[in-house]
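Here's a quick tour of a two-part story: how the pieces are laid out, and how they meet. Have the viewer open as you read.

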Amino acid sequence: MTDIFKLLKGDGSEKQPVIVQGITGKFGTRHTKLMMEYGTNIVAGVTPGKGGQKFENSVPIYETMKEAVDATGSKISIMFVPAKFFLGAAKDALEAGIKLLIAIPEHVPVQDAMKAIEVAKQKNAIMIGPNTPGVMIPELIKIGIMPASPFKFGNIAVLSKSGTLLYEIGNNLSTSGFGQCITLGIGGDPINGTRLIDAFDMVKDYPDLEGIVVVGEIGGEAEEVFAQKVIDENFKKPIVAYVAGRKAPKEKRMGHAGAIVMGNYGSAESKIEMFSKANIPVAKRPAEVPILLAGKMEKK
Amino acid sequence: MRLLEYQAKELFKEYGIRIPDSIATKDIESGRKAAEKIGYPFVIKAQVPVGGRGKAGGIQKCHNQDEFELKYPEVLNMAIKGEKTRAILLEKMSEYEKEIYLSLFLNRSKRCYTIISSAEGGVEIESVKDQVIQEVGLGEVTEKVAKEVGEKIGLAENSIPHFVEILQKLSKLTVEKEAELTEINPLVILKDGSMMALDGKMMTDDNSNFRHKELAKYQEKTELEKKAEESGFSLVELDGNIAVIGNGAGLVMSTLDMLTDSGGKAACFLDVGGTATTESVYEALTLISKMKNVKAVLVNLYGGIVKTTIVASAFLKAYDEKVIVLPVFARLMGAESEKSKEMLKDSETKLSPSIEEAINNVVMEVNK
C-alpha cells in the first residue's frame, strides 16, 4: 500500500507539490485560494483550453495532466470538474503518474467511479472520493474543501463519510483537546476510491496514532466490514464511532447517493450492532464523540 | 431511482426477458378495459416503490368481474408502508413448477457487481439460507459463469440454457441502464423448463440520469421535490410537523435522529448543500412555507466555507417578505456565527448555543 503520510509529508524538507485539475472554475478557484492560504503548495493547474495562462499571476496552467506532472514532478492532484468529466480527468491524472488523487466532484455515476478505481489499482495509486471533502494533516497540508478552523494538529485520525459532520466532529474533538494527525473524507457515494477499510489500513500503523474516530452513515456495509477488520486484526487503540441516519426512512436516498437503506442492508442498527461486537462505542450525538473517546483513552 | 414493478418489467421485455401478459392501469375505467383484454382469472398488483406489498394485501386474485369491481378500488386506495398505490398491474395468472431467485446488485464493499441466486424464490432473500453469490466485476456475465450459477442452485438440465439466457440479458440490462439493483423474485420455471419473470425490481443510479433520457418517464417527483432539485437541494418529505434544514446530508440526518430521539417528528429532510448562498437558503425557506402540516422549523448549520452570515441574511429577507411566519429554532455554528447571531437577535428566530437545546425548544413549541 502506498503510504499516504509519506505522500502528504514527503521527507519533511519541503512542502509536497499539488496540482489542481479544473483550477479556473468558480469552485476550483475559490478552494485553490483557500488551500494556498492554508499553506498547501499548489504548483500547477490544469484547464483544457487555458494552457499557458497563470492562476492569480503565479501558478502556471497546463492543458493536460501529463504536461503539468512533467513540469512539476508532483504526485498529488485535487480535482474540481463537473461530474460528467470526472472519468476523463481521473484517467488523465492517473496515467500521468499521480499517486494521490483527491476527487471532489459530487454526482459521479457509479460505473464511472468503478472504472476510475480500476485504473488507480493498475497504477498503484490512491484515489480518495469521489464526493469527498478531501484529506488534511492539520496545520501542515490541506487538500480539499474543508474549512480550516475546526481542525487542530494532534494524534487522532478521523475518517468520515460526511463532510459537514467531519467539520462538526472535528471541531468537537479540537475543543476537547483531541487534535488530529489526519482527517480523511471517504465520501457519501455508494462506491469509494478509498473505502473505510482502506483508510484504516492507511492510518493504523502511524506511530503517533492514539485513536480513531469513524463518522459513518446509513447505506452499504462499510462500517460493518470495518468493524470486522478491527476484530480480525485485534486492533487495540481506542476507536469511537458515530452513525448518522438512525431515524431515516427506509428506501429513500438521504441527500448522499449512498445514504439509503434497502431492507436491512445499510441500516444503522446493523452498523451499530457490528461496532458493538468490535467493542467500539457509538455516540448518539456528535457532541458525545469526544466524551466517549476520553472514556476509551482512560480505560486503555 | 426506484422503478415500479411494471416499469422494471417493461425493461425486462425490451431486453427479451419473458414476463406474463400484463397491463398497467391508473383508474377503474382503464382497469375494466384491461380486464377484458387479459381475461379472468388474473391478479391485480399494487404498484408501490416499497417491498412487502403481498403481506399488506396489495396483491389480490380476481376470478370474475364482481371481485374485480370490489378489489380494484380497495387496492387503488391503499397505502403500503406510507406509500400510496401509484398504479395497478393486471396480470395473467401463470402455471409454473417452481419459484427461484435471481438478482444482480452493486456490491459496495467489494466495489463490483454481484449475482445472487437461490433455488428458493418468492420470499425475501435475506431469509433464504442457501444463496449462491458470484462476483462479476463491472457486471458482464459470461456464458460460463451463468451456467455455473445455474448448476450451483441445482437447476434441472433442461432449464440451464434458459437460465443462462435470462441471466445474460439481466446483466446487459443492468450495465446498460446503470442499475444498482435488478431483481427477479420470483423467477418461475415452467413445465417445459423455460422461465418467466413474475416480479421485477430495479434501482438505477440517479447520478447517471443525464445519460438515460429514456428513463426520465419513470421519474416520479412531487412539485416540491422538483423545485428543490432545481435549487440544488436534497429534499425528502416526511410525515411529521417540524421542517428540518441544514447544510450537508450527514449533519441533517444527524439532526433528524436527535429530533426523533427527543420525541419530535420531522416534516422533511432538507439539505441546502455545501455551496449554499443567501438566495438558495431563501429558496429553501420558501419551499418549506409551501409544505402542509409544518408547525415549526429547525435549522442546524455548521458554517465552514459557507458563512453563517449568508444564512442569516436569507432569514432576514424571508421575514421581511413574510415568507416565514412559522416559529424558527436555529443553531448556527462555525464561520462568522457571532456576527450572524447579532444580525438575527431582533428577529423572530430563536437561537440556541447547541443543537440539543434548539431541539428541546422546537419540540416544546409544537407540543404546546
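How many Å separate the centres of domain 1 of chain B and domain 2 of chain B? Over C-alpha atoms, those centres are 26 Å apart.

## Ground rules

This is a predicted model, where local features need pLDDT of at least 70, side-chain atom pairs count only at pLDDT 80 or more, and totals for chains, interfaces and linings use all residues. Residues are numbered from 1 along each chain as its sequence is written, with chains lettered from A and ligands numbered from 1 in the order in which they are written.

## Chain B and its domains

Chain B is split into domain 1 (21-92), domain 2 (98-214) and domain 3 (223-367); the bounds come from an automatic or database domain assignment.

## Where chain B meets chain A

On chain B, 41 residues are in contact with 47 residues of chain A (contact: C-beta atoms, placed from the backbone, within 7 Å). Helix 7 of chain B supplies the largest share of chain B's side, 11 residues. Strand 14 (234-237), helix 7 (249-261) and strand 16 (266-271) of chain B each give two or more residues. Helices (H or I, at least four residues) and strands (E, at least two) are DSSP runs, numbered from the N terminus.

## Chain A on its own

Chain A carries 10 helices and 14 strands. Its radius of gyration, taken over C-alpha atoms, is 19 Å, close to the 19 Å from the globule rule for 300 residues, so chain A is as compact as a globular protein of that length (the rule: 2.2 Å times the number of residues to the power 0.38). The C-alpha trace of chain A spans about 55 × 40 × 30 Å along its principal axes.

Terms used: Two residues are in contact if their C-beta atoms, placed from the backbone, lie within 7 Å.
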